[in-house]
Amino acid sequence: MTTDPIETLDADPLGLAPQVSRELRPCASYTLRVNGFERPVTDAWIGESLLYVLRERLGLAGAKDGCEQGECGACSVQVDGQLVAGCLVPAALAADSEINTVEGLSAGGAASDVQQALAASGAVQCGYCTPGMAMAVHDLLQRNHRPTEVEARQALCGNLCRCTGYRGVLAAVQTVADARALEAEEAERAAAAAAEEAAAEASAEAGAPVAAEPSAVETEPVIEPPVYADAEAWIEHVPQQPSAPEQDQVQVQATVEQPYGDGGYDTGVYDTSALTAMQPGIPAQVADDQVYYQPQGYPEQPYQATPAHGTYVPAGYPDGHQQQNGYDTGYDAPVYEPTPAHGTPLPGALHDGTPPHGTPYPDPHGAPADGGAPAGVPTTGVPHGATPAHGIRLPEDDHAS
Amino acid sequence: MLPASLDEAVDALAAAPAAVPVAGATDLMEAVNAGRLRPAALVGLGRITELRGWRYEDGGTAVLGAGLTHARMDRPDFAALIPALADAARTAGPPQVRNVGTLGGNIVTAAPAGDTLPVLAALEATVTLARAGASREVPVSHLLTGLDPVRPGELLTWVRVPLLHAPQVFLKATGRSGPARATASVALVLDPARRAVRCAVGAVAPVPLRPLEAEAWVAGCIDWDGSREIDPAAGAAFGEYVAAACVPDNYGAEGAWEAVTEGPTAAAVRLRRTVSVLARRALGRALK
Ligand SMILES: Cc1cc2nc3c(=O)[nH]c(=O)nc-3n(C[C@H](O)[C@H](O)[C@H](O)COP(=O)(O)OP(=O)(O)OC[C@H]3O[C@@H](n4cnc5c(N)ncnc54)[C@H](O)[C@@H]3O)c2cc1C
Ligand code: FES
Ligand code: FES
């Protein structure tokens with residue numbers, strides 16, 4: 001083609017966009033199916049990644065752009081049911097595919113079980129990796145209902161997290177797997193019970209027509225809208241009510257607490273000295289006996305100081321500790337018993353106590369821990385017979401050393 | 001554009017020679033995102049189902065589709081056929097990349113650290129290159145060395161690999177325990193019918209290297225009719241032999257002036273140690 005590029009310049013009266021000819025910037029229009037919805041995309045450069053189109057053209061900013069090189073996994077989405085890096089998918093070629101993003105996990109605004117478990121197990125700090133991590137965990141648990149830790153690690157090895165150290169994520173995988181297994185078991189049991197009941201009913205009906213009540217006992221499970229775990233943590237704090245309202249205290253409460261409303265995010269103590277500097281109407285921190293922080297509201301003995309390890313606490317603390325600024329620490333029963341020395345058998349325990357170091361085991365345990373490997377072969381942490389991960393030494397490596 | 005058959009795809013490429021074929025796009029989009037490539041048009045190969053599987057041919061050959069993904073090659077049924085290729089596919093990047101990255105893309109990209117390449121070199125695979133109305137067969141080594149490169153408008157369609165029914169090993173050294181590209185890799189296959197050991201070393205040079213002398217020597221040390229055991233000392237010597245053959249003394253040297261210093265560079269010593277351990281272990285695992 002011999003079209004002069006100048007003639008085909010994009011119309012741009014202000015001249016702000018870089019002047020690129022259509023020939024150098026071929027575009028396409030297509031429709032993406034994202035989380036079940038048809039989303040048209042018009043006149044997009046064919047080199048745009050799915051990640052870019054989702055974020056910048058369709059307003060779905062759940063998938064994150066960490067590296068654009070496929071290394072970090074923050075952009076993980078599912079295309080036709082497969083976990084892929086959104087930054088490495090040409091969006092124009094995903095036109096007739098089924099795309100699922102992290103927004104699709106939280107149907108109706110409620111976090112999915114995986115997202116809740118991630119939040120609850122401390123797998124979220126800055127949160128940048130979290131959408132990709134949630135997609136990867138969902139993908140793993142779709143394919144494998146009971147992943148071992150090794151399988152979970154392998155499945156998540158493409159999702160980098162610079163904050164949490166992955167332990168929380170692995171814990172979340174186990175939590176969700178356990179919860180889902182329990183749910184499935186219960187559903188199965190309910191189904192079996194229902195079938196039994198139906199069979200009994202049928203036979204009863206066949207014998208003598210009894211007033212057949214619709215069995216309202218096994219019902220649909222009560223679906224509670226899930227709550228983010230961090231929301232729970234905040235709400236449990238009861239708003240402080242000054243027991244003896246003095247004028248200026250009331251004023252402080254009025255000035256400071258209002259923005260959050262009743263039962264909102266009450267952090268308990270306010271540093272009034274800082275507030276006074278900013279707002280002259282607020283009194284400075286007053287004497288100790290007039291503290292805003294009124295501990296009377298707390299329930300009895302909410303807090304017990306932890307004694308040092310091995311300490312035997314006979315009966316209560318010395319008098320001086322009994323009444324301290326509102327906390328009643330009256331102990332009257334021993335709380336801890338000192339830990340016995342190694343090798344001491346515990347009286348009621350199942351175990352015989354750990355033998356001292358160096359004690360040979362009385363008899364070698366029959367089956368090795370991983371079950372499959374024949375005795376005598378050192379376990380390598382992989383199922384027997386499968387090729388182990390690289391870097392694991394096998395016994396036969398040493399044949400040739 | 002997403003052609004649904006091979007014929008449609010080669011016709012589309014013939015009609016638009018500047019169009020870029022796209023398989024899993026893991027290498028392609030990396031280049032596009034980094035601004036190294038501005039494609040004029042894309043021809044997606046993902047819908048060509050015939051290229052996503054494999055078939056068998058007379059004479060003990062498997063014909064692998066270029067669209068086989070790394071994730072597919074890692075599955076047990078494939079691993080039973082060509083274990084070394086399955087091992088290579090298992091380590092080729094994180095799951096998100098292996099789910100879509102393909103054998104064909106890995107060969108055409110021909111990156112030094114491409115994990116399937118030493119395996120294909122050791123298996124002496126050949127590839128089929130198709131264009132509208134014609135196709136030709138090229139040994140994979142000719143393709144990789146540039147002796148007979150992919151021409152514009154050609155598609156890599158099939159990879160012919162012999163089925164050897166003998167142990168094969170692929171081992172890879174990386175800089176970290178997670179998915180990473182190889183700093184060195186070794187593929188080693190036994191060919192009992194021809195009483196041969198074939199070995200290729202990847203990632204130490206722009207193309208996989210075959211230490212032919214070391215292969216011939218070690219094949220002579222193996223008791224092929226008996227237990228196929230080898231003296232540990234011979235295994236260790238094989239490792240050294242392979243490393244010396246594949247890593248030159250001036251490896252990692254910046255300029256010619258460094259190349260004339262006496263003895264191997266520190267980088268060469270380090271890399272040789274890695275390669276020799278990989279080769280020794282690969283032999284040990286193949287002969288266990
Ligand atoms: C994070 C990350 C980690 C990676 N780690 C590894 C690794 O450890 N080991 C490794 O080997 N690779 C690795 N890769 C590279 C990549 O995944 C592989 O090379 C993959 O096999 C490429 O296949 P593809 O289908 O994605 O190729 P594409 O990106 O689709 O194509 C690559 C090139 O080949 C051409 N092409 C593709 N198919 C054909 C065909 N049938 N005929 C003609 N031309 C074709 C394309 O035009 C393009 O130029 C990694 C990539 C990423 C992003
Ligand atoms: S942004 Fe896609 S993997 Fe990092
Ligand atoms: S929470 Fe910050 S990167 Fe994972």
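Reader: Start with F78(B). Buried or exposed?

Author: Keep in mind that this is a predicted model. F78(B) counts as buried, because its relative accessibility is 0%.

Reader: How many aromatic pairs are there over all chains?

Author: Two, from a search of the whole structure. One of them joins W54(B) and F78(B): the ring centres are 5.2 Å apart and the planes stand at 80°, so this pair is edge-to-face.

Reader: Where do W54(B) and F78(B) sit in the chain?

Author: W54(B) is in strand β3 of chain B, residues 54-57. F78(B) is in helix α4, residues 76-81.

Reader: What about the rings of W217(B) and Y241(B)?

Author: Their centres are 6.0 Å apart and their planes are at 55°, so the pair is tilted. Edge-to-face needs over 60 degrees. W217(B) belongs to helix α10 and Y241(B) to helix α11, both of chain B, and the two residues are 24 apart.

Reader: How accessible are W217(B) and Y241(B)?

Author: W217(B) is partly exposed at 34%. Y241(B) is partly exposed too, at 31%.

Reader: Stay on α10(B). Which of its residues are buried?

Author: The helix runs over residues 212-221, and its buried residues are A214(B), E215(B), V218(B) and A219(B). Those four span an arc of only 130° around the axis, so they lie on the same side of the helix.

Reader: Which residues are exposed on the other side of α10(B)?

Author: L212(B), E213(B), A216(B) and G220(B).

Reader: What covers the buried residues of α10(B)?

Author: The cover includes β10 (196-202), α11 (232-246) and α13 (266-286), again in chain B.

Reader: Switching to charges. What lies over the face of W158(B)?

Author: R55(B), at 4.5 Å from the ring centre.

Reader: Where does V189(B) lie?

Author: In strand β9 of chain B, residues 182-191. V189(B) is buried, with 0% relative accessible area.

Reader: Which residues does V189(B) touch?

Author: Leaving out residues up to four places away in sequence, V189(B) touches A122(B), L123(B), L164(B), P167(B), Q168(B), A196(B), V197(B) and R198(B). For A16(B), 173 residues away along the chain, the C-alpha separation from V189(B) is 41 Å.

Reader: Now chain A. How many helices and strands?

Author: Nine helices and seven strands. The chain has 401 residues, and 28% of them are buried. Its accessible surface is about 25800 Å², with 57% belonging to carbon and sulfur atoms.

Reader: What share of the chain A contacts joins residues at least 24 apart?

Author: 48%, counting contacts between residues at least 6 apart in sequence.

Reader: Backbone next. What is phi for N35(A)?

Author: About 50°, which is positive although N35(A) is not a glycine. Most residues other than glycine have a negative phi. N35(A) is in the loop between β1 (27-34) and β2 (37-45) of chain A, and is partly exposed at 22%.

Reader: And what is phi for E68(A)?

Author: Near 60°, again positive in a residue other than glycine. E68(A) is placed in the loop between α1 (50-57) and β3 (76-79) of chain A. Its relative accessible area is 26%, so E68(A) is partly exposed.

Technical notes:
Residues are numbered from 1 along each chain as its sequence is written. Chains are lettered from A and ligands numbered from 1 in the order in which they are written. This is a predicted model: local features need pLDDT of at least 70, side-chain atom pairs count only at pLDDT 80 or more; totals for chains, interfaces and linings use all residues. Side-chain values use heavy atoms; hydrogens and water are left out. Buried means under 20% relative accessible area, exposed over 50%, partly exposed in between (1.4 Å probe, protein chains only). The arc is that of the directions from the helix axis to the C-beta atoms. Contact means heavy atoms within 4.5 Å. Rings of Phe, Tyr and Trp (its six-membered ring) pair if their centres lie within 6.5 Å; planes under 30 degrees apart count as stacked, over 60 as edge-to-face and the rest as tilted. A charge sits over a ring if NZ of Lys or CZ of Arg is within 6 Å of the ring centre and within 35 degrees of the ring normal. Accessible areas come from the Shrake-Rupley method with a 1.4 Å probe; for residues, only the protein chains shown count as cover.
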